[in-house]
Amino acid sequence: MSIERVRNYFRQYNMEDRILEFDVSSATVELAAEAVGCAPARIAKTLSFLVGDHAVLIVAAGDAKIDNPKYKAQFSKKAKMLSPEEVTAMIGHSVGGVCPFGVNEGVEVYLDKSLKRFDTVFPACGSSNSAIELTIPELEQYSGYTGWIDVCKGWNTQE
């Protein structure tokens, strides 16, 4: 089970007890925000894409949407999300619980700048009823991220 994989991942940092598990679904931004009790924007959603022949995860704020021109400028190709079957096979988590923790070897993780406006955010933890509250420095540390990118729109009213 994917949440066990994430729990084992966080165990090496003595952080497994910080994982929140809910009696209700947290599979969408709206459901996660309701389960956690925060604004939807603070849900750190993890989006799965295919770049060339490998999987890329982009962690973005719950109110952000992929901006296709920005994405193409970043990755030199059109955004192509993974199918649910590809997500499970390539990432190691299923849709609804995808997170940047305990993922398969070779998966690149990027953090979108839409997250930087928050002190803490809530990414999933491998299941459709879990999350963990992390500071931005903790998200950087535990996600094994490749870098910060700017590929989203809709979250910044100045856009």
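So, Leu139 sits in helix 5, where helices (H or I, at least four residues) and strands (E, at least two) are DSSP runs, numbered from the N terminus. Before I go on: this is a predicted model, where local features need pLDDT of at least 70, side-chain atom pairs count only at pLDDT 80 or more, and totals for chains, interfaces and linings use all residues. Numbering runs from 1 along each chain as its sequence is written, and side-chain values use heavy atoms, with hydrogens and water left out.

Back to Leu139. Is Leu139 buried or exposed? Leu139 is buried, at 0% relative accessibility; the cut-offs are under 20% relative accessible area for buried, over 50% for exposed, and partly exposed in between, with a 1.4 Å probe and protein chains only. If we skip neighbours within four places in sequence, Leu139 contacts Val59, Phe101, Leu111, Leu115, Val121, Pro123 and Leu134, contact meaning heavy atoms within 4.5 Å. From Leu139 to Ala64, 75 residues away along the chain, the C-alpha separation is 17 Å.

Leaving out residues up to four places away in sequence, Val59 touches Ala44, Lys45, Thr46, Pro100, Val109, Tyr110, Leu111, Asp112, Leu115 and, of course, Leu139.

Now the cores. In soluble globular proteins, nonpolar side chains tend to be buried together. By nonpolar core I mean a set of buried Ala, Val, Leu, Ile, Met, Phe, Trp, Tyr and Cys residues joined through side-chain atoms within 4.5 Å. The largest one here has 48 residues, and Phe10, Ile58, Ile91 and Phe101 have the most contacts inside it. At least two residues each come from helix 1 (2-11), strand 2 (43-51), strand 3 (54-61), helix 3 (68-75), helix 4 (84-91), strand 5 (108-112) and helix 5 (136-143). Which strand gives the most to this core? Strand 3, with 7 residues. There is also a second, separate core of 8 residues, including Phe22, Val29, Ile43 and Phe122.

Let's look at Phe10. Not counting residues up to four places away in sequence, Phe10 touches Met15, Glu16, Ile19, Phe101, Cys125, Ile132 and Tyr142. Take Glu16 from that list: Glu16 is in the loop between helix 1 and strand 1 (19-21), and Glu16 is buried, with 18% relative accessible area. Beyond four places in sequence, Glu16 contacts Arg7, Phe10 and Arg11.

In the loop between helix 1 and strand 1 we also find Asn14. Asn14 has phi near 55°, positive in a residue other than glycine, and at 69% relative accessibility Asn14 is exposed. Ser76 is another non-glycine with positive phi, about 60°. Ser76 lies in the loop between helix 3 and helix 4 and is exposed, at 64%.

Last, the whole protein: 5 helices and 10 strands. Its radius of gyration, over C-alpha atoms, is 14 Å, close to the 15 Å from the globule rule for 159 residues, so the protein is as compact as a globular protein of that length; the rule is 2.2 Å times the number of residues to the power 0.38. Of those 159 residues, 51% are buried. And among contacts between residues at least 6 apart in sequence, 64% join residues at least 24 apart.
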